[in-house]
Amino acid sequence: MQHSITRKIASLIREFCLVILLALLNVFNVLAQDIQQIMPNYRNADIRQIVEAVGEVTGRNFLVDPRVSGSVTLLSYTPMSPEAFYDAFLATLQVHSFVAVETDGLVRIMPDANARMFESTDPSSSADEMLTQVIKLENIAAAQVVPILRPLIPQYGHLAAHPSANLLIIADRAVNVRRMLNIISRMDQGSNEDIEVIRLENASASEVATMLTALNQSAATSGSPTAQIAADNRTNSILLSGAENSRLRFRALIAHLDTPTENGGDTYVRYLNYADAEILVSNLQTQFAGLSGGTGTTSDVNIWADAGTNALIINADPRTLQNVNAVIDKLDIRRAQVQVDAIIVEVSENLSNKLGVTWAITGGNDEPGAATNFPSTSPGIVQLGAAATSTPPNTALLPEGILSAVGSISDTQSGTNWAAVLTALAGDATTNIIGTPTIVTLDNEEAEIHVGQEVPFLTGQFTNTGAAAGAVNPFQTVQRQEIGMRLAITPQINEGSGVKLLIEQETSSLNASASGAIDLITNTRTITTSVFVEDKNILVLGGLIDEQLRENEQRVPLLGSIPGIGALFRSESTELVKTNLMVFIRPTILRDSTQATFETNAKYRYIRDLQLQQSEEPLPLAGEQERPILPELQEIQPQRSQITPSVPME
């Protein structure tokens, strides 16, 4: 019995020890769990310090890229496990454009742009780890899917198609890759779609396709089944694909639209926006008269123009009408305009010098006399004497410059009469002309600008030589001639930015003569050429560099060659003329209204600025009268008031 009591006591002791041991184990587990709970608190800490802390807690090994740097804030207000701490660390890296890639027990931390070279292929990867997936598509083309999915891939991700194998390759964070797989699986669905070709007999395929496309877009907005619609203008057919129920609905609509009109008429009125109806109608009649209308028979096409509304009235079958409208669509377009600036520069210099001596001597008692006269250089003593003895005296023959005369006139018939006249003239004349005519015209349209004035030229005169009764009064005949600048151009714009120009340019001006002239002298410069110039480039059209030296000497034989005294028996004149002329051209293509407004505003403001400068000076003898000034540009085109003008071509 004593032995039994001893065994019971021993059993109780064992049970007590076991209870104590279990209690100690529970306490130990609780303490261990408390030790593993982490509450990170990092404010503007270096990211490398956080990497070290994560390594100590999780036991992972890290390799940090040298480009990984910066301050990081990571705060937690509740305890977290080491794995939760690691997930928070990965999210922090993503916020700062870094990524952690774990391969072979080593975690690489690098910029996310380089993560594609080390991504994982394990579908069970963490949400923030890089993942690569290759997807085989069964029902849709991989190349067609790429443009749709690319906006869903971040910049550091990668999406590409392998058309020959119909594969998609995606590299991104695991969470986004899984989302993309879900989207692709919903897109890659098989269907029983087919393509139908429906030939039209009366309606135009392009017009029917436009109407059906509008209905199809409305159906897509409302969530109804849609179809793909296209028009084949060559066969006047509609191509239809999609689900069976949507194709059936569109077939019914096409059958309804492809019916003849109730009144049986095939007349169509086409209003033109840019082309000239009267010019276009003859070309269309030539093109389509007698052509087949698509049914194997000759089509009767009748087209005429209404000038008042600038419209074409077309009578043709639907197939031919469609072709006519297609041609009109290509021709009735807004044509570009061309602004052409020409620069005409002429600099001339004229130097003239004249020196001459003429004399006359007569003896008494009707003895013969002698005289020298050189009328080609300047009026001589003979001309001057005739002018002085005329009634009234003719002063037009008096020479320009210095006129000096000496002589002796005897009152008796036996005396000797003599006279000598010295004439000298030196003249300088310079001309500097710069003209910048500007003209704007449509592409392939000729334009001409002419700026000048009419100048009177003396062509004849009549002077009475007596005072007899009934004599005709003196008169002069005058003819007027236009002097100025003329520019005629025909531009042709090519497919690029070049312009072919047919140019006729003429400049005429009055010459400032240095030697004196009986009447006005005009200079005329004309260029007719065809050139090719790039948009806004300057090209020289032509020029003239001319230098002329004219020397004239008249003398009495033998006597005029004697040194010294020979100057009394000769007359000399020298004239030097230098002319420099250049013509330049610059085209500017105005493809739309904005460019045309830009150039117009520049010229407008340029002229207005000149008027404002003049308005600062008071008008003499006009009191408070103000000079006329163009209104501000905002009053004409307020919507373009912010456009900065270009500098006018000088």
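How many bridges join β9 to strand β11? I found six, and the two strands run antiparallel; β11 covers residues 237–242. Strands here are DSSP runs of E, at least two residues long, and helices are runs of H or I of at least four, numbered from the N terminus. Two strands pair if DSSP finds at least two bridges between them.

I noted the basis of the entries: the model is predicted, local features need pLDDT of at least 70, side-chain atom pairs count only at pLDDT 80 or more, and totals for chains, interfaces and linings use all residues. Residues are numbered from 1 along each chain as its sequence is written, and side-chain values use heavy atoms, with hydrogens and water left out.

I then traced the sheet, which is open, has three strands in the order β9-β11-β10, and is paired antiparallel. Its edge strands, β9 (194–199) and β10 (227–232), each pair on one side only. Ile198 has Ile238 in β11 as its bridge partner.

I turned next to the largest nonpolar core, a set of 22 residues. Such a core joins buried Ala, Val, Leu, Ile, Met, Phe, Trp, Tyr and Cys residues through side-chain atoms within 4.5 Å, where buried means under 20% relative accessible area (1.4 Å probe, protein chains only). Val340, Leu501, Ile503, Leu541 and Ile585 touch the most other members. Strands supplying at least two residues each include β15 (337–362) and β25 (570–590). A separate core of 19 residues includes Ile47 and Val54.

Overall, I recorded 32% of the 650 residues of the protein chain as buried.

How values were computed: Buried < 20%, exposed > 50% of the residue type's maximum accessible area, 1.4 Å probe, protein only.
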